[in-house]
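Student: I have a structure open and would like to learn how to read it. Could you take me through some features, one at a time?

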Amino acid sequence: MRPDPANPHQLPWHVLSPSECLARLEASDHGLNANQVAERRERWGRNALPQGAPPSWLTLLIRQFQNPMIYLLLVAAGISLWMGERTDALFIAVVLVLNAVVGAVQEGKAAASAEGLQQLVKRVARVERAGLVADIDAEELVPGDVVLLESGSGVPADLRLLSAMDAEVDESLLTGEAMPVAKDVHARVPEDAAIADRQTMVYAGSTFLSGRASGVVVATGKWTELGRINSAVRHAPAAPAPLILYLARLSKQIALGMALLVAALALILLLRGTAPAEILLMAAALAVSAIPEGLPVAVTVGLAVATRRMAARQVLVRNLPAVEGLGACTVIATDKTGTLTINQLSVEAILTPSGERLREESWSPVDTRLTMLAQAAVACNEANWASDDEAVGDSVDVALLHFGRKHGVDAAPERVAQFPYESVNCFASVLVRGEDEFVLIVKGAVETVAAMCDAPTGTLVRAADALAADGYRVLAVAHRRVSSPGEIDLARPLGLTPLGCVGLIDPLRPEAAPAVAACHAAGVRVCMITGDHPATALTIARQLGLAESSDQVLTGAQIAEVERQNALVPAIDRATVFARTDPLQKLRIVEAFRAMGHFVAVTGDGVNDGPALHAANIGIAMGKGGTDVARGAADLILVDDNFASIVARIEEGRVTFGNLRKITIFMLATGLAEIALFTVTIAIGLPAPLTAVQLLWGNIITETPQAVTLAMGRGSGAELDRPPSATDRQLINRSALILMAVPALAMALFATGLFGWELGRGKAIDEARSSVLLALVLFENAFVLAVSRKVGSTWLRSFARNRWLLVGVGGALFLHLVAMAYAPLREILGLTPLDAYSILACVAGAAITLIGTILAQRWIARQGGGQSGG
């Protein structure tokens, strides 16, 4: 008897009549008896959605090790332990732990609870069981229970309505439909109707706005529409952030390159008769050189720096790699209601009795037509002011109160009699007292009110139809003056004179249109995905500059059709507006964009946005007006709900990518110099120029602080002038390879010569290695200064954009000088004091690498390779 909507042998609940629903559930319109309730609770369980426990600190720590670069470090640590180099392994272990702690702390601070879905299933329900009415815990509901609803009630489960009077429901958080939805128990609903069009149903997570209703529970917990969304969010695989893809690709390249190099050198050494033990030592040293041990820490700290910057711009980061990812996005798929619009109805257009359309920008405070319309709208109104700036009541009436206040009408005149709005009548009327007469005022559907008027209304009706086609909800207002109340019948008013029509719509956020234009200028495609009516969606899209004609709109029904024809991807590629979509269709739209090779960012605030937010490369939720499910599924949370902030986040993401690219170039160039140094010295028969612990000192202790300061750079200010990242964009491209290779090879050749020169003038191996290590540290100093500088920019401007750079350079050099002077540390590292000739030679090597880097940057710029490092 389980009413599973996925069962192909059962018709959907919204198609069945009330009696058919009750029959399928073996229930009555007075609810279940105690035995039935007990049996169904045993079978169905509690009316609660499955919830995963929030990640523990241990889980967050373990998650930090799920990184391709970390895997290479673990391999290096294993090799070091196998070779008996415990100090080397300890160095790498410290790096891994530090990286994990930094990442876990940041993610733990910004973690949002996914338990918000359960909070949308209201905790109390008024239920009728065996003819008795009681308030119970909503989790105790079972299919077949009869639930009673009234204004302000939260809908606790999926219900098929049994009765309804003036029932209007806010389903915006579930469907994206901003307008209240009128319910009709006897409506004939197509089997394939979208959730927003199912007039016979109300769903968990919705709010009952007005009227009275009763409904039989047809689904609870995970079987509800809300449960389907929850399941999609929990089980759909999350898309990797662009940075994870970049690092994975880079790690594979490093591992492959290292394996090939070690194999080639091992073969050469074997042919030369070198002992296998020495070959293994060489392989371990090369592995330490090739793997940028400090890169995970530098990347994590760089992302943490960007996270703090985003927090200052009202953005919370739940997933560190997402900081950079927004800058790589090529498509932003945004929700409409609550994201581009304010999720509050507003009077945005007026029709005069002659049919003239007046938009808000043309309204005049001295226009008597508008004043009379405002007075009538406030008089025939059931909403009330709860405070100076907040009104409560039906959303349409609230919008009319605000409209009245804009035209100086705050209070309604004395009401003598009133005929409330009912959906079956399609109008409301009120009789108010004037100075020496009474005034009858009527508002309602245009056709209904027009039929009550004596004056010709054909032009007004046609204008109203055109306004409705543009996505507005249109109400007509008319009046009649009478000398006494007995002259009229409020339930059957006649002889009216039209005052005009009001067009209501959920208005745009003021910042939305400029933000969309800025995204387009930055090369980012913006698409709108909404559950709203296609005409309404197209109206908003035109105001935003997203679409011009209905050809660019794709509805949920059309999506289902093209899916059956296996033509979903080309259809989605042609559209910019997706209307009347359900949550799972939003998910498929996002997956289709990803299948086309796009990096997709999704913005949203409602329950219906959860699956798409989770599946996107970058999910962005609204912090103020958003639901907990949207925040729980997102990577970034906009605290201020400002869509325009996304443009700033795109810029910040691109700055972050540029900084991470500079970090990677800097650290790989150092590794490349070390590998070349080892290769040349071994090839010419010299001993190893550095020990493993010296390599780790240079790769972690002196290199990492400088790399971290590169993350502090604030960009050039021209980040939004470039197109977004393509799917095959690499941290290391051709220009970066040239920028690394020239100074690294120059440094390797110089260091080889320095090593041979020191040995040639009778220096011990430890003294010669001390010179090489100092030269390596100075090379790092010079290269980090060069790579941080934009071609054509002065050094002062570079330092002004990143004041921490000199601190990092000076700190790294200071640490090495301390190591050379402090005996215990000098002994661990195998260092000796250097004479003036050795120091001068090392400084000369740094100068050579600085000059080589600058020349390489200029050549790249002339070839059109762009900014170094960036």
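Tutor: Gladly! Let us begin with a charge over a ring, meaning that NZ of Lys or CZ of Arg is within 6 Å of the ring centre and within 35 degrees of the ring normal. Here R24 lies over the face of W13, 4.4 Å from the ring centre. R761 is placed over the face of W757, at 4.3 Å from the ring centre.

Student: What should I know about the model before I go on?

Tutor: It is a predicted model, in which local features need pLDDT of at least 70 and side-chain atom pairs count only at pLDDT 80 or more, while totals for chains, interfaces and linings use all residues. Residues are numbered from 1 along each chain as its sequence is written, and side-chain values use heavy atoms, leaving out hydrogens and water.

Student: How many aromatic pairs does the structure hold?

Tutor: A pair of aromatic rings is described by the distance of the centres and the angle of the planes. Rings of Phe, Tyr and Trp (its six-membered ring) pair if their centres lie within 6.5 Å; planes under 30 degrees apart are stacked, over 60 edge-to-face, and the rest tilted. The structure holds six such pairs. One of them joins W363 and F403 edge-to-face, with 5.6 Å from centre to centre and 75 degrees between the planes. This pair links distant parts of the chain, 40 residues apart: W363 is in the loop between β11 (357-359) and α13 (368-379), and F403 is in helix α14 (residues 395-406). Helices (H or I, at least four residues) and strands (E, at least two) are DSSP runs, numbered from the N terminus.

Student: Is W363 buried or exposed?

Tutor: Buried means under 20% relative accessible area, exposed over 50%, and partly exposed in between (1.4 Å probe, protein chains only). W363 has a relative accessible area of 13%, so it counts as buried. F403 is buried too, at 2%.

Student: Why is the pair of F666 and F783 called stacked?

Tutor: Their ring centres are 6.3 Å apart and their planes make 15 degrees, so the pair is stacked. F666 belongs to helix α24 and F783 to helix α27 (residues 765-787), 117 residues apart. Both F666 and F783 are buried. Ring pairs also link F666, F779 and F783 into a cluster.

Student: Which residues have the most contacts inside the largest nonpolar core?

Tutor: A nonpolar core is a set of buried Ala, Val, Leu, Ile, Met, Phe, Trp, Tyr and Cys residues joined through side-chain atoms within 4.5 Å. The largest has 139 residues, and L326 and I663 have the most contacts inside it. Helix α24 (residues 645-683) gives the most to this core, with 16 residues. Apart from it lies another core of 33 residues, including L345 and V502.

Student: And what is the strand order in the open sheet of seven strands?

Tutor: Strands of a sheet pair through backbone hydrogen bonds, either parallel or antiparallel. Two strands count as paired if DSSP finds at least two bridges between them. In this sheet the order is β11-β10-β18-β17-β16-β15-β14, with antiparallel pairing. β11 and β14 (415-422) stand at the edges with a single partner strand each, so one side of each has no neighbour in the sheet. Strand β15 (residues 427-433) and strand β16 (residues 438-444) pair over seven bridges, and V430 has I441 in β16 as its bridge partner.
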